[in-house]
Amino acid sequence: MIDLNKMFKPKSVAVIGASNTPGKVGHIIVDNLINDGFKGTIYPVNPKGGEILGKKAYANIKDIPETVDLAIITIPSVFVNTVVKECGEIGVQNMVVITAGFKEVGEEGAKLEAELTALGKEYAINIIGPNSLGITDSHTPLNGSFSQMMPPEGNMAFISQSGAMMVAIIDWSVTSGIGFSKVISLGNKAGVSEIELLQYLAEDDETKVIICYLESISEDEDFIRTMRETAHKKPIIVLKSGSSSAGAEAASSHTGALAGSDLAFDTAFRQSGIIRVETMAELFDLGLAFSKAPLPKGDHVAIVTNAGGGGVVTVDAMEKTGLKLAQFDEETTAKLKKCVTEEGSAKNPIDVLGDAPVHRYKESLEIVLSQDNVDSLIVMVCPTASADPDGIANAILEERKEFDKPIIVVNMGGPSFEKANDILRENGVPTYVFPETAVKALQAMTRYAKLENRVYDDVIDNISDVDKDAVKAIFDKVKADGRDTLLGSEAYAVAEAYGISAAPIKLSTSAEEAAQLAEEMEFPVVLKIASDKILHKSDIGGVKVGINSAEEAKATFDEIIANAKAAHPDIVPDGVEVQKMMDSGEEVIVGMIRDEQFGPMIAFGMGGIYVNLIEDVSFNLAKGMSSQEIDEQISTTKVSELLAGYRGEAACDVEEVKEAIKRVARLTLDFPEISELDINPIFVYEEGSSALDIKIKL
């Protein structure tokens, strides 16, 4: 992990391209450093020297009497790399390149950026940018940006790949009651990436939660494992725009067709513990909750409201997110009945009625928060004529002192709640206008809190009883033949080499050989045309089932070859494959589609001919996949209920399914040339399983 302490806590800053001309970026940055209270030394750098905003200006960074902790560059792009080299030669280790005109403008800019990246590596300089709006640290304080204002001090860090988004959020934060520890404009990521910043911020005592707006994710050989360690320390909330290539281009397999265009990012974030959101509003709604409230210890929620309708809306939202209503025993219910009066409701949600004075809220909160089975509390206030928003806010703060539980407040109104919202947010209680927002924030906190108990084992790495040489030999032969798709018999041999249970299938090139193979397998068998060029084999009479004798096998061989020639006279088949006919079982699919950035994505779901119609499937990325994630992958599908034994039927061998998922993951990690893989169906029995149709594309 790189050391970025002096990037955000510098004792000296050089602004290269500083200017006396108001409105120029070099002028704004020097002005921001001075006026927003930077306590270190500021060195303006301008070839003309002189004085800038009362500070002595230096013609060259090499003229400065000390090696600065941080250099901020605002000069034209054609001069940037020369200056970076000069900085490197004198030992400057941290740099923010504000200047635009790099890869975002085309080929020439991309060359400049490649040089900039190389210089950063050569001189071990931490570079943020180029094309960055700068960085801020409200605790230092440091405003090394050309934003109009410094964001309020707080414990939320914000990383943005969009400069415009960054300045808009800083402007909005002044009136929102949200404070920031650090705000960082990533720019083009020629040096420091969001991954390195996340690792740094996860160790930062001034940061409690990290929120990000990202348009791309930097390459990392082990993204999931890296982010697991980071997200375990601090909640990371990401709004990711754009999409992955997985599934968008490769839809020739069932798995490819089932993979959505943005699925790889969803899967990578989920497996690494990162919380993904879909809107800017959600990004900050969740950030607010994490920055203010403690994490819940469980998923049982109590609701106190002065509006019955609001309580019902909250319960509906909770059901959709999986949060549970806390139940009260008789003693607690009796206490609440005395508190809320007859007309109210002592059941959860607790309705203290529209005329509720402050003391009724206070007493209800005390009773509810004292219950061990209440993990978190949503307090809702509607602006009735009797409501005292400020008084209720103070009552909430009083009761909160006694209990370390998250309290989320829904003040359903506008101007009448301004002061109450300020009081609560300033004292660590998040507030929202609508209950659905509060529930979504609380659900994210509850989900994140469960990360503590997750176990990440090396279940895929530990699979060693495989024959990689045998698979390599098969793939070499396929490539030598000029093919990209394996025959069924070849795919079976690959499965066999990796311990994936499958129905035996062998290639015959004559009627006599077909009969011999069928006898060796024991009848009944299935015969099917062997050709990677014939896609819909059944449609041309290329598949025959229930063959029960050697004579029938011979005749069927000839019939299938004749059917294939009639349908495709220009194709010479490789022969006819003979496969052992298996008893029917519960049908599942295990497949793989390879994402350009994150590698193999393993699919599991309901198999059979309706796989694409039903779309009962879930995905995990193979790299870093854990036993717990495989269990969850299976349990999130409807077919898991059939495997468990539906309506009195016998349960199936789920351990065999898990084994198939693990071994497909190992195979696709070992052989990056596999672009698609489908095993559909796999028959799962009470004991054991058997893969029937295996398709592998290179």
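**Labels and what backs them**

Mentor: Of the 698 residues in the protein chain, 56% are buried. Keep in mind that this is a predicted model, in which local features need pLDDT of at least 70, side-chain atom pairs count only at pLDDT 80 or more, and totals for chains, interfaces and linings use all residues. Residues are numbered from 1 along each chain as its sequence is written, and side-chain values use heavy atoms, with hydrogens and water left out.

Trainee: Why is Ala395 called buried?
Mentor: Buried means under 20% relative accessible area, exposed means over 50%, and partly exposed is in between, with a 1.4 Å probe and protein chains only. Ala395 has a relative accessible area of 2%, so it counts as buried.

Trainee: And what makes Glu522 exposed?
Mentor: Its relative accessibility is 54%, so Glu522 falls on the exposed side of the cut-off. Glu522 also has a positive phi of about 75 degrees without being a glycine.

Trainee: Where does Glu522 lie?
Mentor: In the loop between helix H19 (511–521) and E22. Helices (H or I, at least four residues) and strands (E, at least two) are DSSP runs, numbered from the N terminus. On that basis the protein chain comes to 24 helices and 30 strands.

Trainee: Which residues does Ala395 touch?
Mentor: Val358 and Lys362, not counting residues up to four places away in sequence; contact means heavy atoms within 4.5 Å. Ala395 sits in helix H14 (residues 389–400).

Trainee: How do you know that the buried residues of H12 are on the same side?
Mentor: In helix H12 (residues 330–340), the buried residues are Thr332, Thr333, Leu336, Cys339 and Val340. They cover an arc of only 120 degrees around the axis, so they are on the same side of H12; the arc is that of the directions from the helix axis to the C-beta atoms. The face turned away from that side carries the exposed residues Glu330, Glu331, Lys337 and Lys338. Among what covers the buried residues of H12 are E17 and helix H13 (358–369).

Trainee: What makes E15 and E18 a pair?
Mentor: Two strands pair if DSSP finds at least two bridges between them. Strand E15 (residues 300–305) and strand E18 (residues 376–381) have five bridges, in the parallel sense. Within E18, Val379 is the bridge partner of Val304. E15 also pairs in the parallel sense with strand E17 (residues 350–351), over two bridges, and Val304 has Ile350 as its bridge partner there.

Trainee: Which unit does E15 make with H11 and E16?
Mentor: A right-handed β-α-β unit, made of E15, helix H11 (residues 308–321) and E16. Right-handed means that, with the strands pointing away from the viewer, the path from the first strand over the helix to the second runs clockwise. E15 and strand E16 (residues 324–325) pair in the parallel sense over two bridges.

Trainee: What separates a cavity from a pocket?
Mentor: On a 1 Å grid over the protein atoms alone, a cavity is a set of points where a 1.4 Å probe fits but cannot get out, while a pocket is an open set with protein on both sides within 12 Å along at least five of seven lines; lining residues have an atom within 4 Å of a point. Grid points are joined across faces, edges and corners, and a volume is the space filled by probe spheres set on the points. There is one cavity of 30 Å³ or more, and the largest cavity has a volume of about 40 Å³. The largest pocket has a volume of about 1400 Å³. Its lining comprises 48 residues, and Leu535, Lys537, Asn680, Asp693 and Lys695 lie nearest its centre.

Trainee: Which peptide bond involving Asn680 is cis?
Mentor: The one joining Asn680 and Pro681, with omega about 0 degrees. Pro681 is found in strand E28, and E28 gives the largest share of the lining of the largest pocket, six residues.
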